[in-house]
Amino acid sequence: MATGFFWDERCFWHHGGNYALTLPVGGLVQPGGGLPESPETKRRLKNLIEVTGLAGALRMQSASPASEEELRRVHPAAYLTEFKALSDRGGGELGLRTPFGRDGYETAALSAGLATAALREVLRGRLANAYALSRPPGHHCLPDWPNGFCLLANIAIAVEAALAEQRAERIAVVDWDVHHGNGTEAIFLSRPEVLTVSLHQERNYPLDTGGAEVRGEGPGHGANLNIPLPPGTGHRGYLEAIDRLVLPALRRHRPDAIVVACGFDASAMDPLGRMMASADTFREMTRRMKEAAADLCEGRLVLVHEGGYSEVHVPFCGHAVLEELSESGIPVPDPLGATIRARQPGPGFDRFLSEHLSDLAAHFGLDGPRPPGSVPTAF
């Protein structure tokens, strides 16, 4: 079976108006630059896989927008009505850092539809795995309050559809976007059937969420894991966190499918993060998720695009992920890989990070301390 790639040109036409970085233009803020959440990172990823020929190894397709019924499983009718009305009036902003233009509602529903279709087709057995190039992103969106460029909770909408259609009983969401997946966490905080794991730069965005003490509520206690990582965490640190925390959590949950919130803003070149990941970091994390899915849920794995704001580096990170998903023989080296390797943290930082991960492992009841003298995965 093939790897699915869900995308739609209309998602690239989503826009947020006249901003510079995250500030509205005006006063002392000079026009220029626009929002960091731009179409170019996504369009250049799609273009790169076409230029290299990788697109030929993928099942490229679009999907229908998420239906009103699918949206209402996550978002209250009042929020959807307000969003649609403002969209019809030409756009505006409903929450924090979520400006949108005319047709913003329809584009966001299409973005959610790409994620929903990707998960549905994998669960139906029609695809080996899938990638949804969703835009606008979704993991920050709360049921009734959008924020962080996210207007609808794409992954939550897809997961709720899969559960409602009884295509799965237990699902795991692993979020490696550099920012905490606060929306996905909030939506499933009391739901034991949905494991939510977020690896993120500590106190980046949002500033008041993402702590390891938040384990879930009521029947969902223990089904939420936040893994805050210090700025500067590099390739070795990310893989150690995956190996020591994420994989044991997945084995404990035993999901019917794994969904990854695939942000590329942990890239060393990202303007909104302070991490040190390369394309190979994302390749290796994808390999681990693919192996976990093969072991736990017959390979059912879906990646949904979230953040990532380096127009030059995101396409190479995404290509590496898609090479791994599809087992393609079309490798594309990371042109910034040598520079990123030279900038990786040293042994002292790695020892500090291992101690931090040991504390988290003990807190989550997942793992003991790393054996003395053990060495993280080489890079």
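## The largest pocket

The largest pocket comes in at a volume of about 220 Å³ (the space filled by probe spheres set on the grid points, which are joined across faces, edges and corners). A pocket here is an open set of points on a 1 Å grid over the protein atoms alone where a 1.4 Å probe fits, with protein on both sides within 12 Å along at least five of seven lines; lining residues have an atom within 4 Å of a point.

Its lining includes Arg97, His140, His179, Asn204 and Tyr309. The lining splits into 5 nonpolar, 5 polar and 1 charged, with Ala, Val, Leu, Ile, Met, Phe, Trp, Tyr, Cys and Pro as nonpolar, Asp, Glu, Lys and Arg as charged, and the others, Gly among them, as polar.

## Where the numbers come from

This is a predicted model, with local features needing pLDDT of at least 70, side-chain atom pairs counting only at pLDDT 80 or more, and totals for chains, interfaces and linings using all residues. Residues are numbered from 1 along each chain as its sequence is written, and side-chain values use heavy atoms, leaving out hydrogens and water.

## H8 against H12

Helices H8 (residues 235-253) and H12 (residues 347-364) pack at about 10 degrees, axes 9 Å apart. Helices are DSSP runs (H or I, at least four residues) numbered from the N terminus, and axes are lines fitted to C-alpha atoms over the stretch in contact, with angles from 0 to 180 degrees between N-to-C directions. The pair is therefore roughly parallel (angles under 35 degrees).

Contact (heavy atoms within 4.5 Å) involves, among them, Arg236 and Arg244 of H8 and Asp350 and Phe364 of H12. These contact residues divide into 7 nonpolar, 3 polar and 5 charged.

Methods
Helices (H or I, at least four residues) and strands (E, at least two) are DSSP runs, numbered from the N terminus. Angles under 35 degrees count as roughly parallel, over 145 as roughly antiparallel, 65 to 115 as roughly perpendicular and the rest as oblique.
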